Amino acid sequence: MIIRPMDGPFGAVAEDVDLAADQSEATMRALIAALHEHQILAIPGQSLSNDLYVAFGRHWGTPLNFFIDSHRRDDHPEMIRIANAAATPERYRDGAMHWHSDSSYEEVPASVTMLYGVEAPEQGGETLIASTVQAYDALDEAMKARLDGLTGLHCLGGSPPLPGEKIPFNPESTAANGIRKHPLVMRHPVTGRRALFPSGTLFGFEGMDRDEGRELVAQLRAHVTRPEFVTSYKVGVGDIFLWDNFQVLHSATPIDYSDEPGKRRLLYRISTKGIPALCEAAA
Ligand SMILES: [Fe+2]
């Protein structure tokens with residue numbers, strides 16, 4: 001197996017690995033280390049059964065249950081379907097088209113998310129990724145000191161969108177879904193590296209005036225998504241693409257909802273909580 005840097009400001013590609021034949025400890029250790037170092041990791045050229053994909057997912061932590069039942073496979077509930085069929089109801093379209101970390105509206109957010117490409121459209125379908133570790137490192141010391149002690153307030157649907165973002169702001173959902181608290185500056189559970197955690201669900205801070213909080217949220221998102229911290233990846237057929245939710249934010253980009261050949265997309269997502277068992281053993 002070869003790990004090489006991805007084109008762009010961060011990320012890595014693992015080549016010459018066949019996960020259908022090899023999910024050995026040595027291979028998994030190398031892949032886990034690559035993701036932790038490079039924040040995002042692509043593993044192209046895979047051909048995995050559902051059982052083997054879920055087995056691969058379990059190496060990264062405990063697969064989480066997604067909140068929309070209809071997006072999960074009945075036979076493999078760990079696998080979340082991401083598709084663009086023309087029949088997709090409006091309420092399920094473009095739900096990921098805003099900057100976020102996965103499951104940040106839950107008490108334990110997702111640590112790693114992976115996508116496996118089964119079908120890919122010829123045009124569109126890129127995922128944007130912003131480095132929250134590089135954005136944190138770029139802050140001056142006074143700003144780091146100010147942000148380090150803040151506790152972020154998160155809620156599904158609770159955060160007002162930035163211009164161009166589609167997620168609707170629904171103040172009532174804050175009450176309906178409950179508020180979760182996460183440190184604004186997260187320490188990575190394995191490497192200890194610090195990163196900002198301004199997921200799309202962040203709407204304010206403990207002990208801070210609401211307007212002041214909202215302004216800081218907008219300021220942080222604008223900082224994290226500066227062009228020098230952002231890259232993109234398009235998941236092709238046979239690609240597995242992983243990101244570390246404690247080191248990056250991500251956003252989907254617009255896609256056509258179509259059943260036509262060349263326009264269809266089918267990805268299977270698995271998100272995990274906790275740290276890889278191999279890292280627990282080493283700790
Ligand atoms: Fe997401």
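## Leu-147 and helix 4

Leu-147 sits in helix 4, which covers residues 141-148; helices here are DSSP runs of H or I with at least four residues, strands are runs of E with at least two, and both are numbered from the N terminus. This is a predicted model, where local features need pLDDT of at least 70, side-chain atom pairs count only at pLDDT 80 or more, and totals for chains, interfaces and linings use all residues. Residues are numbered from 1 along each chain as its sequence is written, and side-chain values use heavy atoms, with hydrogens and water left out.

So is Leu-147 buried or exposed? Leu-147 is buried, because its relative accessible area is 0% (buried is under 20%, exposed is over 50%, partly exposed is in between, with a 1.4 Å probe and protein chains only). Beyond its neighbours within four places in sequence, Leu-147 is in contact with Leu-139, Leu-184, Val-185, Leu-196, Leu-216 and Leu-220, where contact means heavy atoms within 4.5 Å. From Leu-147 to Tyr-136 you go 11 residues in sequence and 9.6 Å in space, C-alpha to C-alpha.

## The iron site

Which residues hand donors to the iron ion? They are His-100 through NE2, Asp-102 through OD and His-250 through NE2, at 2.1 to 2.2 Å from the metal. Donors are N, O and S atoms within 2.8 Å of the metal (3.2 Å for Na, K and Ca), and water is not among the atoms, so sites may look incomplete.

Val-248 and His-100 are 148 residues apart in sequence, yet their C-alpha atoms are 8.6 Å apart in space. Leaving out neighbours within four places, the contacts of Val-248 include Phe-10, Gln-39, Ile-40, Ser-101, Ile-129 and Trp-243.

Asp-94 and His-223 are 129 residues apart in sequence and 23 Å apart in space, C-alpha to C-alpha. Ser-103 is in this loop as well, and it is buried, with a relative accessibility of 3%.

Ser-103 has a phi near 55°, a positive value in a residue other than glycine. Asp-16 also has a positive phi, about 60°, although it is not a glycine. Asp-16 is in the loop between strand 2 (12-15) and helix 1 (25-38), and it counts as exposed because its relative accessibility is 63%.

## Ile-82 on strand 5

Ile-82 is in strand 5 and counts as partly exposed, because its relative accessibility is 24%. Past its neighbours within four places, Ile-82 is in contact with Leu-115, Arg-265, Leu-266, Leu-267 and Arg-269. Ile-82 and Glu-141 are 59 residues apart in sequence and 40 Å apart in space, C-alpha to C-alpha.

## The whole chain

Zooming out, the protein has 7 helices and 16 strands. Its C-alpha trace spans about 55 × 45 × 30 Å along the principal axes. A compact globule of 283 residues would have a radius of gyration near 19 Å, and the protein agrees with its 18 Å; the radius is taken over C-alpha atoms, and the globule rule is 2.2 Å times the number of residues to the power 0.38.

Of the 283 residues, 52% count as buried. Among contacts with a separation of 6 or more, residues 24 or more positions apart account for 81%. The protein exposes about 12,600 Å², with carbon and sulfur atoms supplying 51% of it; accessible areas come from the Shrake-Rupley method with a 1.4 Å probe, and for residues only the protein chains shown count as cover.
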